[in-house]
Amino acid sequence: MTFKQALAREQPLLLDGATGTMLQASGMPAGISPEQFCGDNPDIVRGIHRKYLDSGADIITSCTFGGTVFKLPGNTDVFAFNKRMVEVAKAACRDAGRPAFVAGNVGPTGRFVKPLGDLEPDDLIAAFFAQIQGLAAGGADVIFIETQFDLVEARAAVIAARRACSLPILVSMTFEQGISLTGSTPTIFAETMLNLGVDAIGTNCSLGPDQMAPTVRELLSVCNCPVMAEPNAGMPELRDGVTVFPLGPEEFAQKAAAFVALGARILGGCCGTGPAHLAMLAQAVRGQSTPVRQGSRSGAVNLTNRSRLVRIGVDEPLVIIGERINPTGKKKLTREFQEGRFDLALHLADQQLDSGACVLDVNVGAPLVDEVLLLPELTRLLSARLQAPLCLDSSSVEAISAALPWCTGSFLINSISGEAHRMEKLWPLCREYGAPFILLPLQGAVLPEKATERIRIVENLLLEAERLHISRSMIVVDILALAISSGSDGTQCLEMARWCRRQNLATTLGLSNISFGLPARELLNATFLSAAVGAGLTSCIADPSAVRCHEVADALRVLCRHDPHAETFIASYADWKPSTGGMTRETRGETAKNAGEAVLTGDRETVTAFLDAELAGGADPFTLVRDVLIPAITEVGARYERREYFLPQLIRSAETMQTAFAHLKPLLAKDGEAQQRPVVVMATVEGDIHDIGKNIVSLLLGNYGFDVIDAGKDMPVESIVSCAVSHGACVIGLSALMTTTMIKMEDTVRLVKDKNLPIRVMVGGAAVTQAFAEAIGADGYAADAVGAVRVARDMVAG
């Protein structure tokens with residue numbers, strides 16, 4: 001039986017439990033890479049696999065969680081290591097004498113793609129590709145991409161898996177309070193993965209069964225594929241100086257087994273679980289079945305980025321796709337593109353989002369412009385700057401191919417037509433990158449005038465799509481608005497919309513085409529838009545700042561019952577006068593007008609220009625720091641705590657603040673205003689090689705007036721304290737991701753107190769809690785980077 005066949009059955013499948021604690025119990029010393037220990041001790045690894053198989057696991061995971069070039073020791077052959085670890089797991093299955101599946105385990109790299117990190121997306125994909133090739137060569141039955149916290153990295157791993165092999169793919173993300181580290185909800189994660197065509201979707205780590213239940217329910221409400229749940233054995237606690245997970249095997253099994261009743265198909269255990277937990281779970285689910293899910297995914301086309309989902313479909317509100325980033329007829333924009341500049345494009349992006357666009361069409365096609373270079377660069381800048389999916393608009397397959405790696409989710413492609421071989425060229429790219437596309441009803445050089453002609457072309461293209469295994473949930477049909485002034489009949493477009501609605505197809509059109517060559521174009525556009533939505537139109541490519549069209553769109557949301565109780569409409573139009581538009585539109589984008597707003601919006605490109613303008617006007621540099629920059633970055637922190645901002649915005653604003661401060665620093669020193677900044681030493685404790693959290697805290701502390709000394713990761717207690725003393729630090733910040741290394745925090749606190757040093761210690765990390773901090777005698781605890789700034793400030797002030 002193949003893994004896909006097993007997924008199709010009603011019986012739940014059991015994954016194994018935690019590996020790290022088993023390795024430590026088997027003699028793995030602190031500080032060594034688990035992968036290195038596994039590579040040196042295959043017999044120990046084989047024995048651990050066997051224990052889980054004997055406990056009833058149907059799936060065991062290879063010991064390759066950190067099996068990329070970014071985490072393996074420098075001289076390791078990535079392919080050979082991953083192949084060997086799968087072979088060890090397969091050998092354990094033979095030892096057990098019963099059928100079981102081996103999941104080739106792929107964990108996060110600990111690195112981010114630019115601008116959050118330093119990686120090119122193709123470098124990240126290549127790292128995963130090398131690992132997964134080895135996993136497949138070793139005989140893995142499924143690729144298990146787990147404990148992901150960034151949508152972009154999860155997407156890169158899936159792309160790599162598709163390139164490396166044809167094995168089924170299971171992807172799992174970790175969430176806290178319903179959000180991933182970089183701001184994705186379970187729904188955004190699931191819709192992006194479904195567009196990529198993965199075989200199963202799940203969540204693991206961070207939470208116990210009770211805390212994980214809402215996330216599992218949300219995934220089940222979205223997914224039309226099997227769903228996995230792999231909770232921890234509760235939330236970690238400190239007992240007698242040891243970090244423990246409170247749920248014993250029986251209680252864990254009772255709580256985790258409830259996920260089967262909800263509809264989960266794959267169950268397992270994460271941190272704190274062992275063979276005994278799996279044995280009890282196997283007993284608890286014995287005889288239970290999970291009905292094969294027919295899928296609750298809507299018929300809509302789903303576009304995503306890290307923190308936003310836009311649905312285009314028959315039962316969804318009208319989606320406006322902003323049309324203005326297009327050089328056609330725009331001399332200034334054309335000139336900037338020819339010069340390789342994007343100032344106006346970025347401004348138009350902000351402006352359109354502020355006017356209500358949900359998606360932005362991006363077209364750089366102009367004379368003397370190399371689209372293959374410019375489209376990916378503008379895609380990168382816009383993806384980093386905006387919380388909205390993009391629509392990549394180009395006739396160049398090469399340009400679209402170059403831009404797709406920079407997408408931060410499922411972006412729309414404009415477009416695929418019946419032109420010879422265009423679908424064969426573009427669809428593989430769309431499938432590989434999980435990118436829905438606009439389907440243009442064109443075959444040959446003649447525009448089809450009649451609705452019957454357009455319908456015939458679309459029917460043929462849908463048959464071709466079906467032959468290529470393209471789901472309709474990836475297709476938005478352009479119903480082809482043609483200029484009335486040239487003799488076209490607008491009712492044909494409306495008939496096309498009606499037909500698409502009957503077929504449950506998402507639709508769009510270029511709205512301004514209808515009024516080309518006529519006066520009062522906005523009036524015609526708005527009137528036609530109202531008629532088209534009534535006929536079934538679900539989106540349009542238009543200028544979102546056109547007042548009449550905006551009024552029509554807002555009114556349609558009320559009339560089509562997409563604005564419950566007309567609350568948004570009432571708030572926006574209470575003081576309405578004809579053709580003035582809503583008075584208080586929802587702001588979806590912000591354009592910086594000064595240095596403070598540049599920090600607030602993360603606009604590194606303009607912040608120095610704003611500062612120079614202020615300085616030229618006689619502003620004092622120290623006053624700019626104290627009264628403009630610091631309040632702005634403080635508001636960024638407040639928005640992060642209110643969950644209005646997430647990690648990408650936080651980092652972007654922090655880097656903008658860094659740019660601003662570096663620009664002013666020479667003037668501050670020159671004016672004698674540079675002040676002695678308190679020193680904080682940051683370190684990841686001994687035995688722990690994870691440093692993402694530490695790096696984020698360090699970045700933010702540097703923006704709040706601290707000199708930050710990064711002591712590094714896997715740091716012995718004595719080295720941390722020595723570093724703090726030598727640099728005159730007043731605060732030590734300690735990070736730990738692994739529950740097994742948290743206890744080293746207590747050693748650091750004890751050493752500082754034994755030496756009677758005037759240094760305070762704050763602690764944090766994924767498994768660290770306020771109760772743990774108090775138990776070890778730490779001076780402070782922070783749940784995240786913003787909290788760490790507040791704690792450090794209080795420590796310095798106190």
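Predicted model: local features only at pLDDT ≥ 70, side-chain atom pairs only at ≥ 80, totals over all residues.
Residues are numbered from 1 along each chain as its sequence is written, and side-chain values use heavy atoms, with hydrogens and water left out.

View 1. An unreviewed UniProt entry places the annotation "domain: Hcy-binding" on residues 1–285. UniProt positions follow the numbering used here, feature names are shortened, and annotations may be inferred rather than shown by experiment.

**View 2. Where domain 2 meets domain 3.** Six residues of domain 2 are in contact (heavy atoms within 4.5 Å) with six residues of domain 3. Together the two domains bury about 480 Å², with 45% of this area from carbon and sulfur atoms; buried area is the accessible area (1.4 Å probe) that two parts lose on being put together, summed over both. On the domain 2 side, Ala 384, Arg 385 and Gln 387 lose the most area to domain 3, together 63% of what that side buries.

**View 3. Salt bridges between domain 2 and domain 3.** Two salt bridges cross this interface, each a side-chain nitrogen of Lys or Arg within 4 Å of a carboxyl oxygen of Asp or Glu. Take a look at Glu 605 and Arg 385, whose side chains meet in a salt bridge with an N to O distance of 3.9 Å.

**View 4. The annotated cysteines.** The "binding site" annotation from the unreviewed UniProt entry covers Cys 205, Cys 270 and Cys 271. Although spread over 67 residues of sequence, these residues cluster in space, and the largest C-alpha distance is 6.6 Å. Cys 205 sits in the loop between strand E6 (200–204) and helix H9 (209–222). Helices (H or I, at least four residues) and strands (E, at least two) are DSSP runs, numbered from the N terminus.

**View 5. Backbone details to zoom in on.** The peptide bond from Lys 114 to Pro 115 is cis, with omega near 5°, and Pro 115 is in the loop between strand E3 (101–106) and helix H6 (121–137). Another cis peptide bond joins Asn 414 and Ser 415, with omega about 10°; Ser 415 belongs to strand E16 (residues 412–417). Thr 147, a residue other than glycine, has a positive phi near 55° and lies in strand E4 (residues 142–148).
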